[in-house]
Amino acid sequence: MMDGQSFLAERRAFNAMKFSRFLKCFLLLNSMAFPLAAQVDRERLSIIGWSKGCSVAVEYYGYPGLGAGIFNEPISIQIGSISLKQPAKTAVTDWVINAEGKAVWDQGKARKAVDKLKKSGYALLGSSETVPAAPSGWPEIDEVLLTTRSLGALSPSGWPVADFRLHQIHYSPMGTCTLLVYRWTGSSDRDFFHFVLARMLNPRARVNRAAAHLDLANRLFDRGDLAGALAESALAAAGAQRDAEARYKHAAYLALSGYPEDALDELAEAVRYDKKNKDRARQDPDFESLRKNKSFRRLTR
């Protein structure tokens, strides 16, 4: 456990770094600036919704550490939209709430701000992907999953910078825009973020990333890591929902992991997109645990 002096030293170092980069990048970043509240100990980002354009509404909260305020009430709040409009390459923010301090939290006002944004058009649901926290050990897979190269989206602000790694990718439902979330690597148990709105120039980006997740799942399984294979195949199936192979392999790993009902649901999707998976599943030892299941027999006959 970290002692008090080490914690304070780490916190001061992070705040100094954050403020310095804010000053240097304020005019360049195509996203929101870092919260400057010195007592922010952790941060949380939530997507409210997307509009039909390259624009997303977010809730961004900074919370205090123990002894610095009410632990579960934010002391830094940004609720509003981030937008990229042609031909501009720099995003603009429009905050409904942008406040800092120990007494800024008002749950009613926050709820009204979110409702206002949804009513103004930020009601479309996108999808999200959490990027692996560490390299897989296979460079060709890591190049796809740990970077933005597959998206064809380059940030004009120069991100990522040192001490930050790609953490999450939020995709717009129109498939043309993405919110890239970077996480500070200086702490393993407290979240500090920076995010960049960028245009996504590769329409098959999600499919390409899903294929990399599936490749990783199969390699992990071959190495004896069934839990890892199941987690990666879930990302593949979610990223390429109409891909029969991704759905089939996820079904197989679910069956092997002891989730028969979920496995049958996934296998039904795999069969839906490729009827040949009926014969394949009947002969596949990965589905041995389902051989006597009536639903399995009906699905694959």
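Buried residues have under 20% relative accessible area, exposed residues over 50%, and partly exposed residues lie in between (1.4 Å probe, protein chains only). The model is predicted: local features need pLDDT of at least 70, side-chain atom pairs count only at pLDDT 80 or more, and totals for chains, interfaces and linings use all residues. Residues are numbered from 1 along each chain as its sequence is written, and side-chain values use heavy atoms, with hydrogens and water left out.

View 1. A salt bridge is a side-chain nitrogen of Lys or Arg within 4 Å of a carboxyl oxygen of Asp or Glu. Arg 280 and Glu 245 form such a pair through their side chains, at 2.7 Å from N to O. Because Arg 280 belongs to helix H8 (residues 277-283) and Glu 245 to helix H6 (residues 244-256), the pair ties together parts that are 35 residues apart in sequence. Arg 280 is partly exposed at 32% relative accessibility, and Glu 245 is partly exposed at 32%. Helices (H or I, at least four residues) and strands (E, at least two) are DSSP runs, numbered from the N terminus.

**View 2. The open sheet E5-E6-E7-E8.** Four strands in this order make an open sheet with antiparallel pairing; two strands pair if DSSP finds at least two bridges between them. Strand E5 (127-130) and strand E8 (193-199) are the edge strands, each pairing on one side only. On average, neighbouring strands are turned by 25 degrees against each other, direction ignored. Axes are lines fitted to C-alpha atoms, for helices over the stretch in contact, and angles run from 0 to 180 degrees between N-to-C directions. Strands E6 (residues 164-171) and E7 (residues 177-184) run antiparallel and are joined by seven bridges. Phe 164 has Trp 184 in E7 as its bridge partner.

**View 3. Helix H4 on the sheet.** Helix H4 (residues 205-222) lies across E5 and E6, at about 35 degrees to E5. A salt bridge joins the side chains of Glu 129 and Arg 209, at 3.0 Å from N to O. This pair links distant parts of the chain, with Glu 129 in strand E5 and Arg 209 in helix H4, 80 residues apart. Glu 129 is buried at 6% relative accessible area, and Arg 209 is buried at 0%.

View 4. The side chains of Glu 140 and Arg 219 meet at 2.8 Å, N to O, in a salt bridge. Glu 140 is in helix H3 (residues 139-145) and Arg 219 in helix H4, 79 residues apart. Glu 140 is partly exposed, with a relative accessible area of 43%, as is Arg 219 at 22%.

**View 5. The largest nonpolar core.** A nonpolar core is a set of buried Ala, Val, Leu, Ile, Met, Phe, Trp, Tyr and Cys residues joined through side-chain atoms within 4.5 Å. The largest one has 25 residues, and those with the most contacts inside it include Leu 216, Tyr 248 and Phe 296. Helices that each supply at least two residues include helix H5 (226-239), helix H7 (260-273) and helix H9 (294-300). H6 gives the largest share, six residues. Not counting residues up to four places away in sequence, Phe 296 touches residues including Leu 264, Leu 267, Phe 287 and Arg 291; contact means heavy atoms within 4.5 Å.
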